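Subject: Structure handover

Hi,

Here is the model for your files. Please open it alongside this note; my findings follow below.

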Amino acid sequence: MREIRPLTNHELEDYITIQLNAYPGVRVTREQMRERMARMQADPILSLVGLFDEGELTGVMRLYDFTMQLHGAPLLVGGLGGVAVALDHKKEKVAYEMVQFFLRHYREKEASLTALYPFRADFYKQMGFGYGRKLNQYRFHPHQLPKRGTKAHVGLLSSRDRYAFNACYQRVMARTNGMMENSPAYLDAMFTGDSLRVAGCWDGDELRGYVQFQFEPGRHRSLLSNELVVRALVYEETAVLYDLLAFLRSQADQIESIVLNTHDDDFHLLLTDPRNTGDLIFPTVYQESNIQGTGIMYRLIDVPRFFGLLRDHSFGGQTCRLKVQMADNFLPENAGAWVLDVVDGRAQLLPADTPHDVSLALDVAEFSSLVTGAIGFKTLLNYDLVELSDAACTETIHRLFYTDNKPVCFTSF
Ligand SMILES: CC(C)(COP(=O)(O)OP(=O)(O)OC[C@H]1O[C@@H](n2cnc3c(N)ncnc32)[C@H](O)[C@@H]1OP(=O)(O)O)[C@@H](O)C(=O)NCCC(=O)NCCS
């Protein structure tokens, strides 16, 4: 018989064994894992859960109670991390049952959405998770940054700045989609770890932006060959961005290259030479400016609740009665049909037999990408990933879900 439940303290060594075997590429020792677990256990938003088969621990995962900002509303979002199955119990549907447990657990907790970072996107796509926004990685020499702004207002932050840091984070979060609230444990970890640094830009005693970074060995692997890897670049106004870039530029003597991870597709506009340090050229004459990766995925788990929580959001100011038929073969109780009645942007869900203007049929994965603003409706239509009853309504539906504020996320889990 199988049972899925939170782990007790004396089961943590077995948890570590499964994790170390599942993620050998994450080069940590058992002792480092123990320290990490101690920090995790102090985090009230996190729980460690395992699947027991006849009493034997065969799979583990981490569940996170996140609060995510989306379309102006703070939503409870279930986060899933560290899914791992014992080497000798793979292909026995352990992960299948754990993901089902995770989704149902958060439905019961009255969340409407879940999120995860996949190690294999196809594995979770099959389970109904939709793609979030892609991340860019630019690699350039500090001298390629613009000579604008001043580092005079920028300084390294320490734990005594955590309140100013979080206040800045929350102001940005309030006007952005996709950011997760920082838990106190997450903030503690940020300022106590050895590797992550944070440089912040001050306006008096208010922090107006920051760059989170770490040093990594450079390509020459020598003592003096270092890269500065930016994990997050967050700013409230353009002048702050230039000040933070001035700080990064001033590291030229020490840094072979800056590796900037950012959701920004247009950062090349700021570089004097937009070429990535790679020398890839493709026809006719296009040169690599950055690389891109898929990452975070979102999944709706309760459609009526989701639209109820967004009752104050304006869906593109549109007026339309749209029937949505959403398939979900992994979590059938989540599938359904509803009429989304939108009047001047305000939406409410009505029963499926309500008269409507147009109907739309799609899978939960694509609907999740659409409602989070990660993918535009026209893209889904163009790729034939949705069925639409009346093409004349394309523009209205596109505007209904469109945001130029595509979701971003700086939280690792
Ligand atoms: C990846 C990993 C978690 C998979 O665990 P697992 O227990 O072997 O996986 P499962 O046996 O539950 O496989 C998932 C099953 O769900 C099935 N499934 C997925 N979506 C489904 C759907 N919508 N409807 C029906 N079945 C579905 C898959 O077909 C698969 O079954 P099959 O093998 O019979 O085809 C495990 O191999 C592991 O720990 N790997 C190392 C760590 C890692 O990579 N973790 C990140 C995971 S992305």
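β10 and β11 pair in the antiparallel sense, over 9 bridges. Across that pairing, F213 stands opposite V230 in β11. (Strands pair if DSSP finds at least two bridges between them; helices, H or I of at least four residues, and strands, E of at least two, are DSSP runs numbered from the N terminus.)

Before you read on: this is a predicted model, where local features need pLDDT of at least 70, side-chain atom pairs count only at pLDDT 80 or more, and totals for chains, interfaces and linings use all residues. Residues are numbered from 1 along each chain as its sequence is written.

The sheet. 7 strands form an open sheet, in the order β8-β9-β10-β11-β12-β7-β15, with mixed pairing. The edge strands are β8 (154-156) and β15 (291-293), and each pairs on one side only.

Helix α5. F165, C168, Y169 and M173 are buried in α5 (20 or more other C-beta atoms within 10 Å of the residue's own; exposed means 12 or fewer, partly exposed in between; C-beta atoms are placed from the backbone). Seen down the axis of α5, the buried residues fall within an arc of 140°, so they line one face (the arc is that of the directions from the helix axis to the C-beta atoms). The face turned away from the buried side carries exposed Y163, A167 and A174. The buried residues of α5 pack against β3 (56-70), β9 (197-203), β10 (206-217) and β11 (226-235), contact being C-beta atoms within 7 Å.

Best wishes

Conventions. Contact = placed C-beta atoms within 7 Å.
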